[in-house]
Amino acid sequence: MHRIAHALAALPDNPALSARTAINGVAAICDPLGGLYLPDLDILVVSDLHLEKGSAFARRGMLLPPYDTLATLRILDAVICRHHPKMVISLGDNFHDRVGSALMPELFRQMIETMARGREWIWINGNHDPDGTVSLPGSSADELHYAGLVFRHEPAKDAPAGEIAGHLHPAATVTRREKRVRRACFATDGRRLIMPAFGVTTGGLDLRHKAMHGLFDRQSLVAHMLGRDRIYSVKFANLLG
Amino acid sequence: MNQIDSAARVKTSLSLPQPFLRWFADKGWQPRAHQLELLSRVEGGESMLLIAPTGAGKTLAGFLPSLVSLTERGKIPPGSAFTGIHTLYISPLKALAVDIERNLMKPVGEMGLPVHIENRTGDTPAAKRQRQKLSPPDILLTTPEQVALLLANGEAERFFKDLKYVVLDELHSLVTSKRGHLLSLGLARLRKLAPGLQAIGLSATVADPMDLQRWLSPQRAGENNHAGLITVTGGARPQISILRTEEHVPWAGHSAAYAIGDIYRAIGEQNTTLLFVNTRSQAERVFQELWTINDDNLPIALHHGSLDVAQRRKVEAAMSENKLRAVVATSTLDLGIDWGDVDMVIHVGAPKGASRLAQRIGRANHRMDEPSRAILVPANRFEVMECQAALDANYIGAQDTPPVGKGALDVLAQHVLGMACAAPFDPLALYTEITSASPYADLTWETFERIVDFVATGGYALRSYERYAKIRKTKEGLWRVSNPLIAQQYRLNVGTIVESPMLNVRMVKRNARGSLGRGGMPLGKVEEYFLEMLSPGDTFLFSGKVLRFEGIRENECLVSQGYTLDPKVPSYAGGKFPLSTYLAQQVRKMLADPARHASLPDQVRDWLSLQKDLSMLPKEDELLIETFPRGSRHYMVIYAFEGRLAHQTLGMLLTRRLDRAGLKPLGFVATDYSLAVWGLEDLGAAFRSKRPSLAHLFDEDMLGDDLEAWLNESFLLKRTFRNCAVIAGLIDQRHPGKEKSGRQVTVSADLIYDVLRSHEPDHILLEATRNDASTGLLEIERLGDMLSRIKGHITHRPLTQISPLAVPVMLEIGKEAVGGDAQDFLLAEAADELFGEVVATVPRVS
C-alpha cells in the first residue's frame, strides 16, 4: 500500500531518494516508484505492468477488485510527471492476458492517452501479451536496440552487455537483528539490469531463485530495493537467500 | 430446572422397546436418568441441549431417540418410494464421525436393530458418496463441511425431506467459530427442507447454556425460541494440584524447563500421563527436554496438528494399546478419539481459561465416577497466580467459554452462493431463512443485499464485472448460478478452515558427493512464513528432532539431521490462546488481596511482597502504571491483565497518542498480564505535569479516530483479510500439496487488500475484516470494556528503577516481530551499513 499511497501523494517537485547506477556505461536512476530513468537518453523504462489483472481473474470466476489498473496507472502517472521523459518503454507483460488491452474500460484508455501525449511510447511484447496492444498510443515491438542498450521482456541467456529486461519480478531480502524484510528490486551487475514488476498486484521472485542463475556476475550484483520513499541499495553478498 | 417437573416428564425405562431393555439387562446396566429424560422430551417434540461431563453416556443419549424411532419404524420394505435420511449426526472432527460409527454399530448389532448407519467425510470415496445419494442410510455421520456440500446440491430437497433428528456433537467447540456460523445456516436450511426437524445438541459445560439453546432452535422476531436443557452434574471432583518445586520459577518465558525433572518424576509414578501444552513450539521443547533426561528410556511420544498424519495415527494406536507412558500434546482437538486409559493430566503452562482446563482434565478419565487427577505446571511467576485462579474456578465450577458471537459476513457470502448452487433462490425467502439462525438473527436486509451483490459481481462501486457475474437474477426475480463451473468452484472451496500455506517437511541425507538425496521420510507440515525466516544451515525443533534446514524444493522443505543441542526453536504460534476475561479478573483479585498470597509458593509470595515495598500492589479495580528510567530510555509499564491481543492493540494506540504528544515512543511489548512502552522522553515527568494526563491518554475516545486511523495502515489486518477473502470466495484457497508449480502464488491477498483499501475502503469484505479483527485478533471489544472500567481508577507510580512486577514484561523486549513502519527502518539500517549510494532526484523543469 505504501507505494500506492506514496504515488498518490507524490508531487512533481517532491524529490525522491533514488539510486544512481549505469548499464553498459549508460547512466540510470532507479526511482522508488519502480521506474528506471535514463537521463542521457531521456527515456523512462517500466516493466510488467500487468494491467487488467483483476478483470483477467474475473473472467475466470474470481472477482478480484477492478481497481488494480487504476492504481498502477496512477503510480505510472506520478513517475512520468517526475521525469518528463521524451520516451516511455514498457518492457512487456503490459497486460495480464491477451485480451486485456482490447477489453480495457475507456476510462483507463484515456488515462494512458493523456500520459502518452507529447512523448514516444514503446510497448515491448511479453509472454502474457505476445500479440501487442490494441487501440493504444505508441507502437509495439518484440525488442528494441538503442544507444548500446537492448530492451526486451525476457532476459536472454547469452546477451551481450547492455540488456534491460523484466519478466522475472526480482525481489531481495535483508536481515537485521534477526528480522527479515523482503522488497521488489532493480537487479544489476553493470552489464545488464532486470526491472522490478511495476503492477500493484504483482508478486516477486527472490534473486537467489534458480531462474536467476547465470544472469549476473554475483560479485558486482547490487539489489536496489524499493522502500516507502527511497531506494535501498544492497550488495548481493549481503542479501539473504 | 425444576426437579419435580422434570421427574414427572421422565420416562421409566419400561417404556423402552424390548431389544433395548434386553440389551441393558444383558449388560447388567441401567439406562441413566438423563438418557431417558432426553428421549421422553424429544419424543414430546422438543429440541434439546444435553450438557454432561465426559463419560456420562452422552453419545448414547443423543442417539437414543433416533434408535427408538427407527426400531419402531422398522426396515423400509424393498420397492418402497425413495426414503431420505432419518438422522444426521454432525461432529467437528472427521475422526470422531468415524469413531462414533464404530461405537454405535456395536450396541446396534448386539440389539439386532434394523438401522443402517454410514459415515461421510472428505475421505469417503466418490462411489460411496454417489451410492449414499441414491440409497441413503438411516443415520448419516458427517462433518459441517459435508453438510454444506450436501445442501448445495440439486438433490438436497429429496435427500433431506424425511430428516427427523439432527444430533450435534461437541456443540460448545463448534458454535464459537466460523464453522459454527456456517453450520447454523445449514441448520436453518435443513429446517426448511424438513419442517418438523428436531435438533439435539451435546455439549460440555459452558458459561451460558441459553446461547446454545437458542442456536438449536429457529429464531423469529418477538419470539423467545430455545431448545430444552438437561444438565448432568456430578462426576467425581477432579484432584488438581499446582506443581510445588524446589527449583527457581522463572520470571518470564513459556518453556517450563525448570520443572522438567519434576514432570519426569511424576510420569514415572503413573502408568499413563497426558501432557498438555498451549503451543506447538512448547510441545516440541518439552518433548525434547524430557528425552534429554529420560535415563529410564520411558516410552514418551509427541502429538500435534502439524505432524504427519501417519505419525499421529501411530502414536494414537500405541496409546490405545497402553504402550506409552506419556504423550505431549497441544489440544484435545488435535487428538484422535480412541486412546486408552489415562491416569493423569499434566498441564504445562497456564491454561488461559477455566473451562479449557476443565475440558482438558476431563481427558484424564473416561469413567465418570472416578476422579480425574491433574498437575498444573506454571511456566513463570504470573502463571503461578493464573494457575491458582484456574484451580479455584474449577473448584467452584466457574465457566468462561466465549459467547457464540455475531455471524460472520464472509461465511454468509459462501452460504448464499451455496444456496444458489442448490436451486434458484428468492431473496426475501432466503433472508427470512437466514435470520432464523441465531448468529444471524440481527442481520439487516441492507447488509444481506450487499452480500448478494458481492456474490454476484464482487460488490464494487465500479460496476465493471456485470458480464462476469457469478449469479444472475432471472425474469421471475430468482437468483441462479451463471454456469455450472461456478458450482464446481464452490464445491472445491467450501468450508471455513483457512490454512496458512504449509510446506511438507522431508528428511533427506547428503550423498557421498555432498548433494541432497531424494525420497526420505515425511515428518509433517510447517508454515511457509516460518520457513521464509530460515537460511540453509539454520536448525529448528520439529517432530521431536533437531533438524537442519537444507532448502526448499518445489513444495517441500528439505531437512537433514541437525547435530546440535541448541536449535533455533520454531516461533510459529499455532494455538496460542489469550487469557480469558474471567481468569484475568481472578488474577487481579488475587494480587489485590494479601490474605490470598498465603496459598502461593514462597518465591511468588516474596516477589509480591517486594513489589509492595518498592512500588505497590494495585487494587482489583485499579489500573497501575509505573514509569521508570533504564539505560538511556524511559519506560512505562501498564498492568491491565487483559491478555496479549488486547494489550497489543492498546500498545499500538498508546504509541500513536504518545507520539502526538511529542513524547517520541520507540516501541512496546505485550504479555498476557502487562504492557511496556518505551521512549526517549521522560514519560513519568510528562504525566506528572499532565502533558498529557493519564486520564486523557487512556480516554475511551482512543477507540474512535485513533483506532480507525491505525486500522487503515495496519499490516495486522492483512492476515484477517486473507481468511475473509478465501471464505467469501474472492480468492481460492491454496490446497497444500496440490500446487502445480511449487510456491508461485496466483494472486497475493496482501496486494489485493492494498488495492481495495486505497480505492474502496467501505467494501463489504473490508467491513467483514474489521468485524473479525475487532473481536478476534485485536480484541477491541475487550479493550473498550477495560477502558470504561478503569476510568477514574488510574494510579501512576513514578519510580527511579524497574519494579519487581515489571521484570517479566521487560524480559520480553526484543522478542517481538516487526512490521509496517519498522520494516522500512530496518531496511534503511541495513542499506546504510552494508552499502549505499543514495541520491535525491530533483525533477527536471521542462
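Predicted model: local features only at pLDDT ≥ 70, side-chain atom pairs only at ≥ 80, totals over all residues.
Two strands pair if DSSP finds at least two bridges between them. Chain B holds 33 helices and 26 strands, and buried residues account for 47% of its 846 residues. Among contacts in chain B between residues at least 6 apart in sequence, 74% link residues at least 24 apart.

**The five-strand sheet of chain B**

- Five strands of chain B make an open sheet with mixed pairing, in the order 23-24-22-21-25.
- Its edges are strand 23 (665-670) and strand 25 (794-798) of chain B, each of which pairs on one side only.
- On average, and with direction ignored, neighbouring strands of this sheet are turned by 20° against each other.
- Strand 21 (residues 623-630) and strand 25 of chain B are joined in the parallel sense over five bridges.

**The seven-strand sheet of chain B**

- Another open sheet of chain B has seven strands in the order 3-4-2-5-6-1-7, with parallel pairing.
- Strand 3 (117-120) and strand 7 (228-231) of chain B are the edge strands here, each pairing on one side only.
- Neighbouring strands in this sheet are turned by 15° against each other on average, direction ignored.
- Strand 5 (residues 165-168) and strand 6 (residues 198-203) of chain B run parallel and are joined by four bridges. Within chain B, B:Val166 stands opposite B:Ala199 in strand 6.

**Strand 16 of chain B and its partners**

- Strand 16 (residues 502-507) of chain B pairs with strand 17 (residues 522-527) of chain B in the antiparallel sense over five bridges. The bridge partner of B:Leu503 in strand 17 of chain B is B:Val526.
- Strand 16 of chain B also pairs with strand 20 (residues 556-561) of chain B, in the parallel sense and over four bridges. For B:Arg506, the bridge partner in strand 20 of chain B is B:Leu558.

**A helix pair in chain B**

- Helix 3 (residues 33-43) and helix 4 (residues 58-73) of chain B pack at an angle of about 45°, and their axes are 9 Å apart. That angle makes helix 3 of chain B oblique to helix 4 of chain B.
- Helix 3 of chain B passes helix 4 of chain B in a right-handed crossing.
- On the helix 3 side of chain B, the contact is made by B:His34, B:Gln35, B:Leu38, B:Leu39, B:Val42 and B:Glu43. Helix 4 of chain B contributes B:Leu60, B:Ala61, B:Leu64, B:Pro65 and B:Val68.
- By type, the residues of this contact between helix 3 and helix 4 of chain B divide into eight nonpolar, two polar and one charged.

**Backbone points to look at**

- As a reminder, most residues other than glycine have a negative phi, and most peptide bonds are trans.
- The loop between helix 25 (683-688) and helix 26 (694-697) of chain B holds B:Pro692, and the peptide bond from B:Arg691 to B:Pro692 is cis, with omega near 0°.
- B:Lys690 lies in the loop between helix 25 and helix 26 of chain B. The phi of B:Lys690 is positive, near 55°.
- Is B:Lys690 buried or exposed? B:Lys690 counts as exposed, because it has 10 C-beta neighbours inside 10 Å and the cut-off for exposed is 12 or fewer.

**Two histidines in chain A**

- A:His169 sits in the loop between strand 10 (163-165) and strand 11 (170-176) of chain A, and its phi is positive, near 50°. A:His169 counts as buried because it has 24 C-beta neighbours inside 10 Å, where 20 or more is the requirement.
- A:His213 is in the loop between strand 14 (205-206) and strand 15 (222-226) of chain A. With 9 other C-beta atoms within 10 Å, A:His213 is exposed.
- From C-alpha to C-alpha, A:His213 and A:Thr69 are 32 Å apart in space, and they are 144 residues apart in sequence.

Technical notes: Residues numbered from 1 in each chain as written. Chains lettered and ligands numbered in written order. Axes fitted to C-alpha atoms, helices over the stretch in contact; angles between N-to-C directions. Parallel < 35°, antiparallel > 145°, perpendicular 65-115°, else oblique. Left-handed = near helix turned anticlockwise from the far one by under 90°. Contact = placed C-beta atoms within 7 Å. Nonpolar A, V, L, I, M, F, W, Y, C, P; charged D, E, K, R; others polar.
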